[in-house]
Amino acid sequence: MNSLAVLHASQLVTLAGSKRPRVRSEMSELAIIHDGGMLVHDGIIVAIGSSAQIEKGARQSELVDAGGRVVLPGFVDAHAHPVFAGNRLDDFELRARGETYEQIAAAGGGIWSTVEKTRAASEAELFDQAKKHANWFLKCGTTTVEAKSGYGLTLEDELKMLRVIRRLNEETPIEFVPTFLGAHAIPRARRADEYVDLVINEMLPRVASEKLAEFCDVFCERGYFDIEQSRKILTAAKKSELKLRIHADQLTNSGGAKLAAELEATTADHLEKTDENGIAAMKASGVQPVLLPGSVYALGSTDYPRAREMIEAGLAVVIATDFNPGSSPSPSMPMMLSLACTQMKMRPAEAITASTINAACSLNRGDEIGSLEPGKLANFSIFDCEDYREIAYWFGFPQIHSVYVRGRPLLSRANET
Ligand SMILES: [Zn+2]
């Protein structure tokens, strides 16, 4: 048996609590143990408690001295697009010169330029680039990442992306949760209805039969997929036993949040333009909002979603990076926590809950990850600070000391001078 004892965390941020997503004041309850410790056997947490208690049961264990630093569950990033070819540096410069996301997309930039590069790339090339992204996530303290397809937009290219995600899951330490996003954009030279039929009749059956995705997502937005087209695709996905996520109400309040509620989607994501009716609908159906402040920031907008209203309405809010080459080129959850607190007025504790246990629940993994409790995977990070609020407070530089997945050290600055 492989045994590990983590001792002397200034704060062992356990998030121990009820086995469901946390709402309202529960989002501020982090169940912190001061001078905390944790015992791990074969990658599974078997005990948490004070360092003194843990040390007694740790005679045969390898010791990890957290040295008065914060220990946190590995971040769970519940919305990301980590597989793509190339970058969008030209769009970035055009935005810096004052053009909008929609203007750039209309002129041939945007999602379409990434689709062309991704189609041209081989599976091996896509894998190599995505492996680099996986390492970036790890360096930010993230140990689970939801990963969407959606830059292929043909049957073969969507399958290629999903196979890359499967390989990332097998060959990198991060757990990737695959989502089929064939309905990310309508390909050039195709009629919308014709493409919707292709997604439903050709792509979905293959994705389901090859078990390449757990979730299906749709970009429900003006100029992409309208409510009726989104409903059609997601209803078909549900019949194929995929769970649902939706890109909803990002640029316009088009009714995406309400559609998520109607279809009992697991999550509705973005929600920058969602109003109180959308919030009430999500509450009634138990839809989790996934808020993506990095994309608001990187697009130079100030139009953040109404996080406070959502928390006060009792929604189990999630924060994610939306890592992608166009609108959110950041894999950094600490940066998202900073934005959540400064721009959306979430409390630091709420932001931690939103990026760990609530995110884990939104990926159907609330009983495996997202908190440090006996029976869960020993996925955790040690941050080079004494108070968890520092993770959101100091921004723009890495405070990670080390990262562990299933009790294995993957990134460590412990031996650096
Ligand atoms: Zn997205």
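Predicted model: local features only at pLDDT ≥ 70, side-chain atom pairs only at ≥ 80, totals over all residues.
Let's start at Glu241, which sits in the loop between helix H8 (227-239) and strand S9. Residues are counted from 1 along each chain as its sequence is written, and side-chain values use heavy atoms, leaving out hydrogens and water.

Back to Glu241: its phi is positive, about 65°, although it is not a glycine. That's worth a second look because most residues other than glycine have a negative phi. Glu241 is also exposed, with a relative accessible area of 72%. (Buried means under 20% relative accessible area, exposed over 50%, and partly exposed in between, using a 1.4 Å probe and protein chains only.) Ala31 also has a positive phi, near 50°, and isn't a glycine either. You'll find Ala31 in the loop between S1 and S2, where it is partly exposed at 34% relative accessible area.

Which residues hold the zinc ion? The protein donors are His79 (NE2), His81 (NE2), His247 (NE2) and Asp322 (OD), 2.1 to 2.5 Å from the zinc ion. Donors are N, O and S atoms within 2.8 Å of the metal (3.2 Å for Na, K and Ca), and with water not among the atoms, a site may look incomplete. Along the sequence, the donor residues follow the spacing H-x1-H-x165-H-x74-D. His79 lies in the loop between strand S5 (75-77) and helix H2 (89-96), and His247 in strand S9 (residues 243-248), so this pair ties together parts that are 168 residues apart in sequence. Both His79 and His247 are buried. As for geometry, the angles between the four donor atoms run from 84 to 167°, which makes the arrangement irregular. Four donors would count as tetrahedral with all angles between 85 and 135 degrees; square planar (four) and octahedral (six) need opposite donors over 155 degrees apart and all others between 65 and 115, and anything else is irregular.

S9 is also part of a sheet. Eight strands form an open, parallel sheet in the order S5-S6-S7-S8-S9-S10-S11-S12. Two strands pair if DSSP finds at least two bridges between them. S5 and strand S12 (318-319) are the edge strands, each pairing on one side only. Further in, strand S6 (residues 142-148) runs parallel to strand S7 (residues 175-183), joined by five bridges. Glu146 has Val177 as its bridge partner in S7. Helix H7 (residues 192-209) packs on this sheet, touching S7 and strand S8 (215-220), and its direction makes about 150° with that of S7. Axes are lines fitted to C-alpha atoms, for helices over the stretch in contact, with angles from 0 to 180 degrees between N-to-C directions; contact means heavy atoms within 4.5 Å.

Seven strands form an open sheet with mixed pairing, in the order S3-S2-S1-S4-S13-S14-S15. Strand S3 (44-50) and strand S15 (408-412) stand at its edges with a single partner strand each, so one side of each has no neighbour in the sheet. The twist averages 35° from one strand to the next. Strand S1 (residues 3-13) pairs with strand S2 (residues 32-41) in the antiparallel sense over eight bridges.

Strand S13 (residues 380-383) has Phe380 and Ile382 pointing one way and Ser381 and Phe383 the other, and all are buried. Val71 stands opposite Ile382 in S13, while Phe380 stands opposite Tyr404 in S14.

One last stop is Pro173, in the loop between helix H6 (155-171) and S7. Pro173 and Tyr404 are 231 residues apart in sequence, yet their C-alpha atoms are 9.4 Å apart in space.

Note on methods:
Helix = DSSP H or I, 4+ residues; strand = E, 2+ residues; numbered from the N terminus.
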